[in-house]
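Please look over the structure below. A short report on some of its features follows it.

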Amino acid sequence: MIKKIAVHQLKVGMYVHDLSCDWMNHPFMRNRLLVTSEDEIRKIIDAGIHEVYIDTGKGLDVADAPTAEQVQRSLEKELVDIAARQPAPVARVTLTQEIARAKQIKNQAHQLVRTVMADARLGKAIELDRVEPVVQNITESILRNPGALTGLLRIKNKDDYTFLHSVSVCTLLVAFCRSAGLDAATTREAGLGGLLHDTGKALVPDAVLNKPGRLTDAEFDIIRKHPKDGYDILLRTPGVGEIPLDITLHHHERMDGSGYPDRLPGERIGTLAQMAAIVDVYDAITADRCYHKGMPAAVALRKIYEWSKFHFNAQHVQAFMRCVGIYPVGTLVLLESGRLGVVTEPHETNLLAPKVNVFFSTRSNTYIKPVEVDLSRPLGLGGGDKILSHELPEKWRVDPMKFFALE
Ligand SMILES: [Fe+2]
C-alpha cells in the first residue's frame with residue numbers, strides 16, 4: 001500500500017515510493033529508494049523535502065498514515081472547490097483559428113532561444129532587440145487564444161527540451177500574468193524573463209545537462225550554478241530590467257528556503273520569481289526527458305498543488321490553476337458518456353466544464369468521429385456531458401494531441 005508520511009516519520013527500512021518533490025531541486029535522480037541509513041534520511045530532509053510516499057509492501061509501515069488514494073480524493077475535492085470560484089480568461093479566437101500562427105511562433109521562438117544560448121556559450125551579448133519581438137508575438141497569441149500555444153508546447157522532443165522549455169516558461173508566464181491581471185509592461189518583462197531564465201544553462205556542459213543517469217553531487221553543483229551564471233550574462237546585456245534579472249536568478253528558490261542559489265525564504269523572493277518557479281516546475285515535470293517520462297499536465301498540476309504547502313506560494317498556485325484550468329489544455333479526460341476527449345479550451349467561469357474534442361469510445365473500445373463538445377452547454381447545444389476523471393494516455397493507448405486541433 002502507498003501511504004503519505006511526514007519526513008520525521010521516515011525510518012531506515014522504509015521504502016520511499018515517491019519523494020513528493022520536483023526532481024530539479026533534489027540530488028536524488030531516482031524518486032524511489034529503500035532507506036538504508038540515517039544519512040539518507042538527513043539528505044532527504046536537507047533537500048527541502050517535507051513529506052514522502054512510502055510503499056508498505058516493500059518496507060516498514062506507518063500504521064495511521066493516510067493512503068495515497070485518501071490523499072488524492074481529498075485533493076480532488078479541494079480542486080473542485082477552487083474551480084468553483086475561479087474564472088478563466090476568455091479566448092478571442094478559436095483554437096483552430098490560432099493554431100497555424102501558434103506553430104510559426106513556436107518555431108520562431110525555438111530558433112531564437114537556440115541562438116541566444118549559442119551566443120551565450122561563446123560569450124557574446126544577448127541581442128535584446130531580437131528577443132523582444134518574439135515575446136511580443138507570444139503575448140499576442142496568448143491574448144488571442146491561450147490554449148493554442150500552450151497546447152502545442154506540451155509536445156517536446158527530448159533533444160529540444162532546453163530550448164522549448166524556455167519558450168514554454170515564457171508562454172505560460174505570460175498567460176499566468178495575464179490571468180492574474182498584471183499590466184502589459186510587467187507581463188512583457190515577465191515574458192522576457194521566462195524566455196531567458198535558463199540562459200545560464202548554456203555554460204553547463206552537454207554531458208551534464210543531458211546526462212541520462214543519476215547526477216553526482218559535483219554534477220548537481222554545476223547545474224545549480226545556472227541561475228547565477230544566467231544572471232551575470234543578463235547583467236552584461238544592456239537594457240535588461242529588474243524582472244528578468246530576478247526571474248533568472250531566483251526561479252529555483254523555494255518558499256521554505258530550500259531552493260538555490262541563495263536559499264531565500266519566501267518573503268524575500270519576488271512575486272514574479274515565485275510565479276516563474278511554479279511555471280518552471282510545471283513545464284519541467286510534464287516534459288519527457290532522457291531520464292524520465294513526463295507526467296500529464298493534470299497530474300503535474302495536482303503535484304504542484306500538493307507541494308505548494310512548502311515550496312510554492314499557495315495563492316499563486318491557485319491563480320495558476322485559474323490560468324491553465326484544473327484540466328489543462330491537452331489533458332485526456334474520460335466523460336460520463338464513456339467517451340475520451342482532449343481538453344482544448346477552459347471555460348470562462350467553470351473550470352470543470354472546458355471544451356473537449358472527443359475521439360474515442362471506451363464502451364466500444366473504438367475511435368469515433370472526432371467532435372468538439374462544450375461541457376458548459378446542455379445536450380442538443382453541443383454539450384450534455386461531464387468529466388469523470390483525467391486519464392493517462394498510455395492506459396488507453398491513445399495520443400490525445402492528435403485530436404487537439406480539429407480541421
Ligand atoms: Fe532553471
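The report covers a cavity, a sheet, the cysteines and some backbone details.

This is a predicted model, in which local features need pLDDT of at least 70, side-chain atom pairs count only at pLDDT 80 or more, and totals for chains, interfaces and linings use all residues. Residues are numbered from 1 along each chain as its sequence is written, and side-chain values use heavy atoms, with hydrogens and water left out.

## The second largest cavity

A cavity here is a set of points on a 1 Å grid over the protein atoms alone, where a 1.4 Å probe fits but cannot get out. Grid points are joined across faces, edges and corners, and a volume is the space filled by probe spheres set on the points. The count comes to six cavities of 30 Å³ or more. H5 gives the most, with three residues. Helices (H or I, at least four residues) and strands (E, at least two) are DSSP runs, numbered from the N terminus.

## An open sheet

Five strands form an open sheet in the order E8-E7-E6-E5-E9, with antiparallel pairing. Two strands pair if DSSP finds at least two bridges between them. At the edges are E8 (366–374) and E9 (387–390), each pairing on one side only. Neighbouring strands are turned by 30 degrees against each other on average, direction ignored. These angles are taken between axes, which are lines fitted to C-alpha atoms; angles run from 0 to 180 degrees between N-to-C directions. E5 (residues 332–335) pairs with E9 in the antiparallel sense over three bridges. There, Leu-334 stands opposite Ser-389 of E9.

## Cysteines

How many disulfides does the whole structure hold? A search finds zero. A disulfide is a pair of cysteine sulfur atoms within 2.5 Å. The sulfur of Cys-177 has its closest cysteine sulfur in Cys-323, 9.0 Å away, so the pair is too far apart for a bond.

## Accessibility

Buried means under 20% relative accessible area, exposed over 50%, and partly exposed in between (1.4 Å probe, protein chains only).

| Residue | Relative accessible area | Class |
|---|---|---|
| Cys-177 | 0% | buried |
| Cys-323 | 10% | buried |
| Leu-264 | 7% | buried |
| Arg-263 | 47% | partly exposed |
| Arg-397 | 78% | exposed |

## Backbone details

Most residues other than glycine have a negative phi, and most peptide bonds are trans. Now the loop between H11 (242–250) and H12 (271–286), where Leu-264 has its place. Pro-261 is in this loop. The peptide bond from Tyr-260 to Pro-261 is cis, with omega near 10 degrees. Arg-263 also lies between H11 and H12. Although not a glycine, Arg-263 has a positive phi of about 45 degrees. The C-alpha atoms of Leu-264 and Val-93 are separated by 41 Å.

Arg-397 lies in the segment after helix H15 (393–396). Arg-397 is not a glycine, yet has a positive phi of about 55 degrees.

Conventions:
On a 1 Å grid over the protein atoms alone, a cavity is a set of points where a 1.4 Å probe fits but cannot get out, and a pocket is an open set with protein on both sides within 12 Å along at least five of seven lines; lining residues have an atom within 4 Å of a point.
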